[in-house]
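User: Please take a close look at the pairs of oppositely charged side chains in this model. I would like to know which residues pair, where they lie, and what surrounds them.

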Amino acid sequence: MSEQSKSSQAPGHPPRVVIVGAGIAGVQTAVALREQGWPGTITLIGDEPHQPYDRPPLSKAVLLGKADGSAFDVDFAGLNIDLHLGRRVTALVPEERVVETDAGRVPYDHAVIATGADPITLPGSEGLPGVHLLRTLDDAERLRPVLAAQHEIVVVGAGWIGAEFATAAREAGCAVTVVEAADRPLAGALPAEVAAHMTGWYADAGAELRLGARVASVTSGAVTLADGTVLPADAVVVGIGARPATAWLAGSGVEISVEDGSVLTDERLRTSAPDVYAVGDCASFPSTRYGTRLLVHHWDNALQGPRTVAENIARAGSEGLVYDPVPYFWSEQFGRFVQYVGHHVDSDELVWRGDPSGAAWSVLWLRGAGGPGGTPAGGSPAGRLVALLAVGRPRDLAQGRKLIERGVALDRERAANAAVPLKAAAL
């Protein structure tokens, strides 16, 4: 990353921060700047016409008609935050320190990229009547009457969003078929031996799950699979992932990952352009804790990262804060509260805690030897806790998160005993 300038403020005006993206990452950056005592102007630009809102309720309360929206409770005028809605940003020009929009150019002294991620579409389905995504408030409002009418729905993708939508659709009384190209649900997030225990959740909820099922085509009223099976569908909901919304940065000189399309930041969430930061779903950052670069598409990251960005901007050229969180997310699906904290890789050791066929269980991921020789005196082998998945065991999650933050090693035998508090397995 290029070295950030110590001061970019031009004479004759207060320092200006322009934040591109009015989702949680953008809003929280603006609010955190004021909390840090930022004296200058703050311009927050969003491409949707709605007041900035939270996304998690879209697949739950908003979708089921239990809430009309999920707008943030933020007094933008009172905080002197200049909010521009329905305004599309088209380019960033670092050498001129301006953001270009469809309504004109906006100069900045510091810019924050918080454009989030765009859903991946199913090829050939774009624009077809009855084919839906679930990413925005408008998406949820279009789907609400579909669920209310108790239609027959095909969901493409058994990831987190697919499972959450299927949960809501079954609660509304819809007939639901979920098709997944992989051999298990949550294939991109969890190993086969863990995801296998979640497969039955679909049938228990009255939803049909078809694994190893590739979509050949989508037409109005039907989904055709690669094996020739035709699934009737009053509506199709596509949930096959998301990609950082960074195409608008082409030609800006801001370094973008060729692998995942994320903005490449340093450990302080600074980009390769002077005085330009990136945060949330659109940005990846190096983690010393995990020894790799992380791209985290979850709410907690979009909540925590802005505090680092705001403080580093407000410090005006001092060394600044390092961002190295323990990632966390949750999902409500089929009557279960699923939580995950940390980051694991295939080589980490998996330790079960509780019966995965039951209603409450956890999975731990341990890495390397913890302590001299890797085995405590008179005990079982030990390893450092790096990640934890908890199903209906919130206490495991709370204790595990603290242990991960501290880099604590666990005694494997005690950690595997669900009757023992997780913190009691710490060495």
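Analyst: **Charged pairs and their surroundings**

At 19% relative accessibility, Arg393 counts as buried (buried means under 20% relative accessible area, exposed over 50%, and partly exposed in between, with a 1.4 Å probe and protein chains only). This is a predicted model, in which local features need pLDDT of at least 70 and side-chain atom pairs count only at pLDDT 80 or more, while totals for chains, interfaces and linings use all residues. Residues are numbered from 1 along each chain as its sequence is written, and side-chain values use heavy atoms, with hydrogens and water left out.

The partner of Arg393 is Asp396, and the closest N and O atoms of this salt bridge are 2.6 Å apart (a salt bridge is a side-chain nitrogen of Lys or Arg within 4 Å of a carboxyl oxygen of Asp or Glu). Asp396 is buried too, with a relative accessible area of 3%. Side chains of opposite charge can pair when their charged atoms come close. By the rule used here, the count comes to 20 salt bridges.

Another of them joins Arg367 to Asp348, with the closest N and O atoms 2.7 Å apart. Arg367 lies in strand 25 (residues 361–367) and Asp348 in the loop between strand 23 (336–342) and strand 24 (349–353), so the pair ties together parts that are 19 residues apart in sequence. Helices (H or I, at least four residues) and strands (E, at least two) are DSSP runs, numbered from the N terminus. Both Arg367 and Asp348 are buried.

His344 is found in the loop between strand 23 and strand 24, and Arg367 is one of the residues that His344 touches. His344 is itself buried, with a relative accessible area of 14%. The side chain of His344 makes a polar contact of 2.7 Å with the side chain of Tyr340 (a pair of N or O atoms within 3.5 Å; within protein, one must be able to donate a hydrogen and the other to accept it, and residues adjacent in sequence count only if both atoms are side-chain atoms).

A further salt bridge links Asp281 with Arg135, where the closest N and O atoms are 3.2 Å apart. Asp281 lies in the loop between strand 19 and strand 20 (283–287), and Arg135 in the loop between strand 9 (131–132) and helix 2 (137–148), so the pair ties together parts that are 146 residues apart in sequence. Asp281 has 15% relative accessibility and therefore counts as buried.

Strand 19, at one end of the loop that holds Asp281, belongs to an open sheet of five strands with the order 3-2-1-7-19 and parallel pairing (two strands pair if DSSP finds at least two bridges between them). Strand 19 (276–278) and strand 3 are the edge strands, each pairing on one side only.

Salt bridges can also involve a group of residues: Glu96, Glu100 and Arg105 are linked in a network of them.

Key: Contact means heavy atoms within 4.5 Å. Lists of a residue's contacts leave out its neighbours within four places in sequence.
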